[in-house]
Amino acid sequence: MSPVRTFESQLGGRVIASRWPIIIATVILVGIAASGTVFLEFSADDRIYFNKDNPQLLAFEALEDKYGQSDNVLFVLVPPDRDATSALALEATAWLTEQSWTVPYATRVDSLTNFQHTTARGDDILVRELVDKSGRADADERARIRSIALAEPALAGRLIARDGAVSGVNVSVQLPGADKLVEGAEVEDAARRLAHEVKRKFPGIDVRVTGHVVFNQTFMEVSLSDLKTLVPLSFVAMTLMLVYLTRGFSGTFAIMLVVALSVMTAVGLGGWVGLPMTSASAIAPTVVLTVAIASCVHVYSTLVHQLRSNVPGSPEGGDAPYPPAQAEAPKRNAIIESVRVNLQPVFLASLTTALGFLSMHFSEVPPFRQLGTFVAFGVAASFVLSVTFLPALLSLLPIPVRAPRLGLDRGMAGLGEYVIRRRRALLWGSGLVVMALVASIPRNELNDVFLHYFDEDVEFRRDAEFTAKNLTGMYSLDYSLASIEPGGITDPGYLADAAAFAEWYRAQPETIHVSVITDTFRRLNMSMHGDDPAEYRLPESRELAAQYLLLYEISLPFGHDLNNQIDVDKSATRMTVATQTLSSNEVIALNRRALHWMTDHAPNIVPAESSGTTLMFANLGRRNIIAMLAGTTIALVGISFVLIFALRSLRVGLTSLVPNLVPGALGFGIWGLAVGQVGVSLSMVTAMTLGIVVDDTVHFLSKYQRARRELGHTSPDAVRVAFRTVGAALLTTSLVLVAGFAVISLSSFELNSDMGRLTALVIALALVADFLLLPPLLMRIDARRGAAAPAAGNSPDQQG
């Protein structure tokens with residue numbers, strides 16, 4: 001007997017003999033690992049979704065170095081009469097504008113009421129707030145304010161709706177960065193308090209709160225929500241399913257205890273190695289809980305089957321009965337046999353599952369890499385615990401032996417007979433279905449709408465969609481328009497090109513608002529010509545433009561400088577474009593059109609580098625899917641070698657890949673027909689599920705190979721044995737996995753919910769493939785090699 005076989009045969013006995021030391025050591029080691037949770041850090045920064053060398057992130061950081069941070073909170077005030085210039089609305093806007101300076105880390109506050117409006121005063125200009133206290137109660141003054149605001153490019157579509165119905169107060173903040181989670185929470189809490197106070201102080205006024213800081217904090221809130229709801233829900237759902245499927249509380253208790261310890265170990269080890277908890281990795285405990293159950297179910301199912309048979313050498317094991325001396329301890333022998341039979345397939349399933357999740361390290365999205373590491377930790381822990389701690393614990397617990405569900409057993413046996421009888425039709429029929437659905441895969445379009453990362457019941461998404469529909473766009477593209485020389489932004493040629501670029505953008509159907517410095521130069525030129533509307537144009541000379549800019553800058557009050565639009569040496573300006581809510585493809589296409597226009601029509605502007613959060617997320621999906629092609633390929637090669645080596649057969653190992661690759665292809669084909677859009681998270685599903693779905697295949701092949709090699713069965717008889725011995729366990733584990741990932745689909749975070757839906761679908765399809773496609777394939781291939789004669793006295797009927 002080989003050393004491996006010897007180890008398989010002896011492990012169960014050694015575990016039972018040392019059960020108390022194993023249980024005590026497990027508790028101690030898991031406690032040490034779980035103590036790492038104190039080092040877990042939650043992140044509320046959307047930049048964690050990007051590698052440090054991501055080109056869009058680097059461009060955005062360069063923009064912020066030049067013009068300052070873009071973090072903000074945007075209050076949207078909604079008057080009851082939908083008139084943003086009514087007396088009540090102006091009073092509320094003025095009060096909120098003043099109070100917004102109390103928001104922690106606030107560096108600038110912009111609103112309709114404090115907009116720095118310029119007017120002529122002789123040969124000079126007067127810069128003052130558009131709305132003063134004396135004018136708020138005067139109807140004629142309010143009409144003048146409304147007329148100016150709706151005609152002012154810097155206000156209309158940004159701080160007041162183009163129909164004048166709602167207005168906004170934008171608070172720019174500069175977080176120190178020492179602890180963005182705490183700093184962002186301080187800002188959001190202060191903003192929420194101000195919004196509540198506005199509603200109390202000005203009855204009828206509604207306030208919506210959005211902005212980049214709130215966007216980041218929503219990531220954190222969703223993470224905590226998933227941890228608080230999905231993990232307990234998954235635990236309850238899994239427990240109820242196991243009670244029903246195992247028909248016993250002791251087995252359910254033992255399995256769920258192993259699962260809980262695996263989750264604790266995974267999360268704790270993540271803390272020890274410094275992994276952060278993010279909205280993407282927050283589902284790690286739920287994923288570990290789900291995949292860890294499979295190994296335990298196989299060990300427990302075999303144990304129960306052995307106890308029911310009262311013969312240690314039942315079809316589960318496929319060996320001859322134990323000697324009579326061992327019959328005195330049927331439970332002990334059943335545990336030993338269960339460990340012996342399941343050690344290899346459980347190890348292979350755990351190894352391939354870990355390989356699948358570790359392939360996520362090829363992802364361009366760090367939180368997904370961290371998710372893969374968390375789950376790999378949990379899978380490793382669940383394997384060790386399922387073959388050591390679980391048998392040790394079960395040896396101490398009463399295991400009630402109830403009569404088997406004849407319907408389920410007969411159903412599995414009947415399914416096996418049906419597959420054997422209809423193997424040719426199933427093989428060809430499966431091929432046709434696979435080809436039809438694979439042909440639907442191209443219907444999937446790589447596309448994301450990052451505002452829709454959050455479910456509709458998330459407050460931020462509701463407020464953001466209201467803002468985009470009624471005031472201004474939540475998506476923005478930033479361009480640093482550099483002149484060809486220092487101080488060149490006052491050059492007439494540069495100003496003309498920048499203005500033309502802004503006008504081109506305003507003509508695009510996706511655009512809501514464009515913020516550009518040339519609008520300020522036009523307004524200054526008009527004011528310096530006695531507020532003559534005919535003079536609303538760019539200054540004619542460089543000297544004149546420089547004089548206007550200097551005069552304007554020294555007239556601005558604190559908090560209203562132009563540093564967020566003009567760089568220090570006056571060589572570049574910032575143009576910000578607010579757009580409608582767009583898909584990632586639409587964002588990329590719009591930006592590409594803009595850069596092409598600039599190249600062809602703006603000779604006085606150095607080719608601009610576009611940046612911003614919108615562009616960063618828009619490009620993320622494309623970059624990630626390219627990276628995951630390599631990850632999936634390596635995972636596939638690694639899993640193939642593992643199966644070929646473990647099954648000791650190149651033929652069977654390669655055959656096993658078919659039912660493992662087909663489910664992913666079918667899943668994406670069905671997704672293409674039903675949804676048609678693949679986001680950044682779904683590019684991970686193939687690699688992730690590849691390791692999971694191998695579980696069922698490994699257990700089926702393990703029983704099939706034992707029947708062929710150790711019992712000498714023909715291929716059809718080996719299929720019968722596999723269905724009878726492991727069919728019910730495969731159905732149980734698959735139902736548990738589908739239920740677990742279905743729970744993940746309830747997440748408020750779209751990246752997680754879509755991943756959960758598609759993964760559950762792929763796992764269900766994998767079960768179908770293992771039952772209806774794998775057996776016909778095995779029989780077809782083995783038929784070409786000739787059928788082995790059954791060993792005497794070991795027919796399938798005798799084995800059953």
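## A helix to start with

Helices here are DSSP runs of at least four residues, numbered from the N terminus. Helix H2 is one of them: it covers residues 19-34, and leucine 29 sits in it. Keep in mind as you look around that this is a predicted model.

Is leucine 29 buried or exposed? Leucine 29 has a relative accessible area of 57%, and the cut-off for exposed is over 50%, so leucine 29 counts as exposed. Leu29 also belongs to a nonpolar surface patch of about 620 Å².

## A four-stranded sheet

Now for some strands. Four of them form an open sheet, in the order S11-S12-S10-S13, and the pairing is antiparallel. Strands S11 (511-515) and S13 (610-611) are at the edges; each has a single partner strand, so one side of each has no neighbour in the sheet.

How many bridges join strand S10 to strand S12? There are eight, linking residues 475-482 of S10 with residues 572-579 of S12, and the two strands run antiparallel.

## How confident is the model?

Across the protein the mean pLDDT is 86, and 94% of the residues reach 70 or more. Over residues 311-328, though, the pLDDT is below 50, and in the model this stretch has 37 contacts beyond near neighbours in sequence. Residues 787-800 also have a pLDDT below 50, with 29 contacts beyond near neighbours in sequence.

Notes: Residues are numbered from 1 along each chain as its sequence is written. This is a predicted model: local features need pLDDT of at least 70, side-chain atom pairs count only at pLDDT 80 or more; totals for chains, interfaces and linings use all residues. Side-chain values use heavy atoms; hydrogens and water are left out. pLDDT is the predictor's confidence in each residue, from 0 to 100. Contact means heavy atoms within 4.5 Å. Patches are made of residues with over 30% relative accessible area and no salt bridge: like charges are joined within 9 Å, nonpolar side chains (Val, Leu, Ile, Met, Phe, Trp, Tyr) within 5 Å. Accessible areas come from the Shrake-Rupley method with a 1.4 Å probe; for residues, only the protein chains shown count as cover. A salt bridge is a side-chain nitrogen of Lys or Arg within 4 Å of a carboxyl oxygen of Asp or Glu. Buried means under 20% relative accessible area, exposed over 50%, partly exposed in between (1.4 Å probe, protein chains only). Two strands pair if DSSP finds at least two bridges between them.
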